[in-house]
Amino acid sequence: MTDTTLHSSQPRLITLGGALPWLIGSLFLLVMPQVFTSNSAITIMNQMAITIVFALSYNMLLGQGGMLSFGHAVYMGMGGFMCVHFMNYIEDYSLPIPLPVLPIFGGLFGMGVAMIIGSFSTRKAGTIFAMISLGVGELIAACSVIIVAFFGGEEGVSGDRTMGPPVFGIEFLHQIEVYYLTAFWLVLSALLMYLFSRTPVGRMANAVRDNPERAEFLGYSSRWVRFFSFVAAGFFAGIAGGLFAINYEIVTEENLNLVQSGSILLITFLGGVGFFFGPILGAIVFTLLQSVLSLQTEIWQLYLGLLFVATVMFFPGGLAGVIMMHTLPFRLGKARLLLRPYVKTLLPALIGLLGTAGGMEILYHLRHAALGENEMSLYWISFDSHSVLPIAICLLTAAGGFWLAKRNAPELADAWHEANTPNGGVA
Amino acid sequence: MRKSIKYGVSAALALSCIVSAAAAAENVKIAFIDPLSGPFASTGSNGLKQYEFAADELVNKNGGVLDGRKFEIVAFDNKVSPKESLIQLQVAIDQGIHYVVQGNSSGVANALTEAIEKHNRRNPDNRVLFLNYAAVDPVLTNDKCNFWHFRLDANSDIKMDALTDVIAQNPDIKKVYIIGQDYGFGKAVAAAAVSMLGEKRPDIEIVGNELHPIGKVKDFTPYARKVVSSGADAVITGNWGSDMLGLGKAVIENGFKGPIYTYYAAGSGITAAFGESGKGSIRLISEGQVNPPYSDRAKEVYDGFRARYPEGNIDMPRIFNTVDMLANAINEAGTADDVVAVAHALEGMTYESMWGGKVYIRPEDHQAIQDINVLVHTNEGITYDYDNSGYGVLLEHKVEMASADSPTTCKMKRP
Amino acid sequence: MELILVNLIDGLVTGLLLFMLSAGLTLIFSMMGVLNFAHASFYMLGAYFAYQISLFLGFWMGLLIAPVIVGLLGALVERYGLRRVHQYGHVPELIFTFGLALLIEELVQFIWGKDQMPYTVPEILQFSAFSIAGNAIPAYKVFMIFISVGIFIGLLFVLTRTRVGMVIQAALSYPRTVEALGHNVPLVFMGVFGVGTALAGVAGVIAGPVLSTFPGMAVVLGSIVFVTIVIGGLGSLSGALVASLLIGWITTFAKAYTLRMEDFLSWIGFHKPVDMSESLLRDVWTLTSPQVADILPYLLMVLILVFRPYGLFGKRDA
């Protein structure tokens, strides 16, 4: 994190290797709606895009700056409220502001709020910062139900996105038009956030995270570095809020309460805080879990909680961490070695997990379904949840799967070790 | 629909579409968008049970609607979040569903009614009707009314109108204490109580009018102390959930003896948790009478419901009205797919409810006008208890066709 | 005047209950430097376990057994969860306890469902102990005061008069040195975590019947416990006591006496606008203290953190 790394990293900014992921990503975004054409799919993709912007902005704090915030939704919510108010001004006063630039206002407002709060909350890092963010989050969430004039009470504030002047003939009547608007902002803000992490301030944020004292000795005020990261994160959270306002045409208290702040922490950590693309993964996986898993099972939040705790305990690098663990084997050309042990260990483990989940579903059904309603269906099979056989099968599958996985685990460990050792090198 | 089958959001989502489409190509599908997970899941899932039972018992058993099309309730979990509700609404619309029912939280109802209004305006060939069975914010049938929204429950002003009629007849009540949660609904209840009591019984003194933070209060004792020391004869509250239980318990525990008039102190474990302590004190303002059962048909239906869900409560009889009225409207319109015709059939419909009285849908604001009851929490004379606790709510007063001539600010725009 | 006394007693009950939670939390923080986000979840577990036990063995056995189970669970969490995460640093530790809180809430709903539990005060305590100017003080409240004061004295005794207490106290100030002196610090950690969560369990057992036992009870109390120990000063037991009582009394009095923002604003010289309907601040003018009573501690915490980051009695930075 010294000056040399700063200089050496700069020329690489415009290389093909650096630009390739962005091009592929943009292309991917362009093609997606051609593959998934239903409106609900587009709605869910929009939700994903908004969550990605929000999670990336959160990671500017947690991953890059080492600041654990329990109130980041405040800035997204504030940006969203401002944006929806703007939408109404456009409607009421026929302002000639086209819809696509609206997120800017959300971002600026989020940034303004972040400047006020950051002026005192970023003086310290660690627990004090976390506690202030919690307190401020709680206070603003409480205000949002009390101060009806700005926040609209529990009903929130709603607007109509189609009232602005048309842009090239597009009035944003359809989901697909909103999708491309969101996708454009997603790419733009992701790129800007990536570039921010490459600026001296972004680099210094890492330095302050890792060792604030040393950063101070280098002549940087760690407080100001934190402040800049905080304000930038507030800006992009505000943009996410603006996109939310455009997509749903309504912003409510739920956009800035602690639940929202908690879930963005969860999303970012699941995805992995150590890598830029981690939060993107987290947002995609979480949105899918939320929309799809919740259609399948009532206890999806329990699974989510288990997944989260397991991630913190065993894979603190998150999904991105797990993926990036494999770069070395690939670089050494030994990834092939891992394939067989993976299948031999992970497949039984997966079966074991499915068995456990099945057992939990049956138990839940047993305890909470109406008396007399014995029939339940699981994995596309219908059966009587009150008989012993199904749960016995589930438990046996679970036990068998885990036993197999455990038996084969040493093999995987050996293969892992082998794959990470350069040929001829001493481990 | 085809498209969503072909390229669903993901394998799983697509799969659920295929399954439901294949099993029920002919069915009239009704999207139930309410919480099925999270803190309000018990209210939501109990509502779902009532819908599923009502659809089977009142419609499907009698051969369905039109030429044998069955009602099918498709459940969507909205986690009481406006955002999730809008996503689920989109999924429902993509599945070709034309009818949406929702009730928990006026905030969600507000988001849904606005989204549906916009959707219907932007997609005239694929419109949706919204049957609101429990969100009681008056604004939904006043300033924010629209042609696609019908409210089958009485709104909070109507309930308050009925309640203040009952209070006005009771000469023992001279002092009233109003307390509620600090948000739109709590404030609406308080404002209505103050203005209506002032009109009907100017001699009644409002000794307290107070709001507390919603869902944040750990200990209601200080509020209860104020209620007791104010010398109030009656308490009015719009609280729900744990705020209702906490407030009620604290007020009774600290020695309050008079009636506590509530909107939501029944079912979902609250009746069981009050038990003996709430006897004769907790009152509930609601439509539909469960005890004593109004008609033999109601008895038959409740017995059938009990047989299927021994732990379930019919705490929202209006759900049965909703399902039956929708079926009648579809039959009258002769179509289930043209929601404009169905909406026209619903407008002005008068329906004889098995739970007592008539239900009339006012065409000018789509608000259902019906009998409103004041029920008392007790264990005597209860045919059907709640939460299997031995306690239930018994009819005490009935106000027929409450607020039938109440004014509305609704300016309905018809397609 | 009499009402002040009644409110003092009510506030004391709230404050002592809060103290039972914050005492354990601050002990854990002092030892391990980790804020346990799941602390209130152990309080909830205490209430649910006690309810379940009371169905079979009655309230008193619940009071005895439930905290022990909760404490054991806490020790297990420390041994197999927290200790593992410890190697990754403080932020993952905090995130781990945050996830644990979510998980425990889901587990409670999985086992007991989402409804309120009919967990009630034992019949032997269902009478009013005495009354002040017509305000009854239930015997159960007196019982709660006795239990919490008893626990406080017990804790004080263990901390100041026993060998274990000495080690813990030493570890509060000089954790590294204690380790260097050859004490089995991991075992002490596990013990302190277990005892801390058991204290939360006791609080749950006795608070469950009055504050209702439902899956959201941990969330309602959770963040306020943090606020308490942050205000009191992280790692300070006496600070936790003072802050608990302070919060208990502030919230009780704010609810009991209606102070109006209007009066306050006029007093400092603002004039109330005549037409309020257009003013952005109209809702601020009509604020009353009962409306914001339970939010005041958060405001207090933010102010304290800004002006005195180590809390009222704290000696070291968080």
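Predicted model: local features only at pLDDT ≥ 70, side-chain atom pairs only at ≥ 80, totals over all residues.
As for where they meet, 5 residues from domain 1 of chain B and 7 residues from domain 2 of chain B take part in the contact. On the domain 1 side, helix α3 (residues 41–59) of chain B hands over the largest share, 3 residues. That side of domain 1 of chain B has no nonpolar residues at all; it is made up of 4 polar and 1 charged.

Now for a contact between chains. Chain A and chain C touch through 35 residues from chain A and 37 residues from chain C. On the chain A side, the elements that give two or more residues are α6 (126–146), α7 (148–151), α12 (258–271), α14 (300–314) and α17 (335–368) of chain A. Of these, α6(A) gives the most, with 13 residues. Sorted by class, the side of chain A that touches chain C comes out as 26 nonpolar, 7 polar and 2 charged residues.

Ser105(B) belongs to the loop between β3 (99–102) and α5 (106–122) of chain B, whereas Ser403(B) falls in the segment after β15 (392–399) of chain B. Ser105(B) counts as buried because 26 C-beta neighbours lie inside 10 Å. Ser403(B) is buried too, because it has 21 other C-beta atoms within 10 Å, and 20 or more is what it takes.

Another backbone detail turns up at a proline. The peptide bond running from Asn291(B) to Pro292(B) is cis, and its omega is near -15 degrees. Pro292(B) itself is part of the loop between β10 (282–287) and α11 of chain B.

Helix α11 of chain B, which spans residues 296–308, holds Gly304(B). This glycine, Gly304(B), is partly exposed, because 14 other C-beta atoms lie within 10 Å. Along the chain, Gly304(B) and Val376(B) are 72 residues apart, and their C-alpha atoms are separated by 24 Å.

Definitions and conventions: Residues numbered from 1 in each chain as written. Chains lettered and ligands numbered in written order. Contact = placed C-beta atoms within 7 Å. Helix = DSSP H or I, 4+ residues; strand = E, 2+ residues; numbered from the N terminus. Nonpolar A, V, L, I, M, F, W, Y, C, P; charged D, E, K, R; others polar. Buried ≥ 20, exposed ≤ 12 C-beta atoms within 10 Å, placed from the backbone.
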